[in-house]
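The structure is shown first, and the description follows.

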Amino acid sequence: MPINELLAETVERFARERVRPLAEELDRNEDFPDELYKEMGKLGLFGITVPAEDGGASGTVVDYVTVMEELAYGYASVADQCGLIELITSLLVTFGTATQKERYMTGLQDASIRPAYALTEAEAGSDLASIKTNAVQEGADWILNGEKVFIHNAPVADVAVVLAVTDPDARSSKRLSMFLVDIDATDGAERAYREHKMGQRASQVGGFVFTDARLNPDALLGEVGAGFPAMMNVLDKGRVGIAALSLGIHRAALDAAVSYAQERKQFGQPIGNHQGIAFQLADMATEYHASRQLIHHAAAALDSDEPAAALCSMAKLFASEAAVRNASTAVQVHGGSGYIRGVEVERLYRDARITMIYEGTSEIQRMIISRSLLRP
Ligand SMILES: Cc1cc2nc3c(=O)[nH]c(=O)nc-3n(C[C@H](O)[C@H](O)[C@H](O)COP(=O)(O)OP(=O)(O)OC[C@H]3O[C@@H](n4cnc5c(N)ncnc54)[C@H](O)[C@@H]3O)c2cc1C
């Protein structure tokens, strides 16, 4: 059986049996239990595209988006964890030294090491070239100073991949470098606070503060000055992954709306018999399939090393906006009960909203797509 089918079956069962029944409680308690991390690690959901020689499943990007959709159908915060570890392990596969791979790869994949990917700062969100966190060389070591905000997993992270300025005078593609920072083992590296969010509330999001944090030379991930291209290297996979996460939310919203339209009676018949509701369901299903085609097309382009940046941005733009629109439609189909805490579509609506913001906002995706059209 191809890995795609095997993975899809395993992850579909895990999402249906283990994740979906827990989603409401995880949202309410803003909690991501350790057992769930461990189970995901055992199932091989961390680092789907990691090659076998690095301990992974050697999956394709199409496999990865399949997994992301299924997990998000269960609960988006669970998919988010898979997406984050996919990015960090991809960075290690491409840029990590043998020592770095040995130190982190197994722990990331079996969920004993929790990572964070720390790019964003208070004054540098969409415009990452303007980050201020800096690392200055002192002998062979690096001294890291700065603050990161809105970082997924920051409150629980063991290791953070941190983007910092290493050459303030260089042009933007050479100014930045990436560092692997072991939070507990590094004096001056601190988890700063925890945010309370609108949706995906089980995902722990917060900040880091680095105050004269001394890093040994082995903390550098990739070459000095290669941080920006390294970040760009995983961005497309990150975007198509979030598109697939949006797709899972969209499908959960569609299923909930169809079920409700069959059960709920008004004017003596199921509300699905009223054309006003039936047509909304038709549009939800059509947009689901349109999103899915875009995502799989972009993922296949990445798998065959074709230029995929604009395709990944299109997939992310369309799928995230479709998820928000259709989660809203699912609330509408549910009437008043769709607005009540504990009803699935109320959570889906909140969970969907961030997909238009993180991993590049919709406006940034439109910039990337339009630049690809207008480039001379
Ligand atoms: C729950 C959550 C999890 C996150 N996880 C991570 C993480 O793990 N790691 C990480 O590094 N970051 C993370 N982020 C940060 C996220 O990537 C940023 O919030 C996002 O990129 C937007 O940056 P900003 O919030 O600073 O908004 P801004 O960049 O200030 O944008 C504000 C508004 O202006 C628009 N805008 C900005 N520039 C332009 C332009 N040139 N043209 C048109 N419109 C523009 C934006 O689209 C947006 O609508 C997370 C954020 C959240 C909320």
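The model is a predicted one.

**Domains**

The protein is divided into domain 1 (3-113), domain 2 (116-223) and domain 3 (229-374). Between domain 1 and domain 3, the C-alpha centres are 21 Å apart. To their contact, domain 1 contributes 27 residues and domain 3 contributes 31 residues.

**Ligand surroundings**

There are 17 residues around the ligand, and those that come nearest are Y117, T120, S126, T361 and E363.

| Residue | Protein atom | Distance |
|---|---|---|
| L119 | backbone N or O | 2.9 Å |
| T361 | side-chain N or O | 2.6 Å |
| E363 | side-chain N or O | 2.7 Å |

On its own, the ligand has 970 Å² of accessible area, of which the protein covers 61%.

**Helix α5**

Helix α5 spans residues 98-109, 12 residues in number. From its first C-alpha to its last, α5 reaches 16 Å, close to the 16 Å expected at 1.5 Å a residue. Within α5, the buried residues are Q100, Y104, M105, G107, L108 and Q109. An α-helix has 3.6 residues a turn, so residues three or four places apart point the same way. After α5 comes A111, with a positive phi near 75°.

How values were computed. Residues are numbered from 1 along each chain as its sequence is written. This is a predicted model: local features need pLDDT of at least 70, side-chain atom pairs count only at pLDDT 80 or more; totals for chains, interfaces and linings use all residues. Side-chain values use heavy atoms; hydrogens and water are left out. Helices (H or I, at least four residues) and strands (E, at least two) are DSSP runs, numbered from the N terminus. The expected span of a helix is 1.5 Å times one less than its number of residues. Buried means under 20% relative accessible area, exposed over 50%, partly exposed in between (1.4 Å probe, protein chains only). A residue is near a molecule or strand if one of its heavy atoms lies within 4 Å of it. A polar contact is a pair of N or O atoms within 3.5 Å; within protein, one must be able to donate a hydrogen and the other to accept it, and residues adjacent in sequence count only if both atoms are side-chain atoms. Accessible areas come from the Shrake-Rupley method with a 1.4 Å probe; for residues, only the protein chains shown count as cover. Domain bounds come from an automatic or database domain assignment. Contact means heavy atoms within 4.5 Å.
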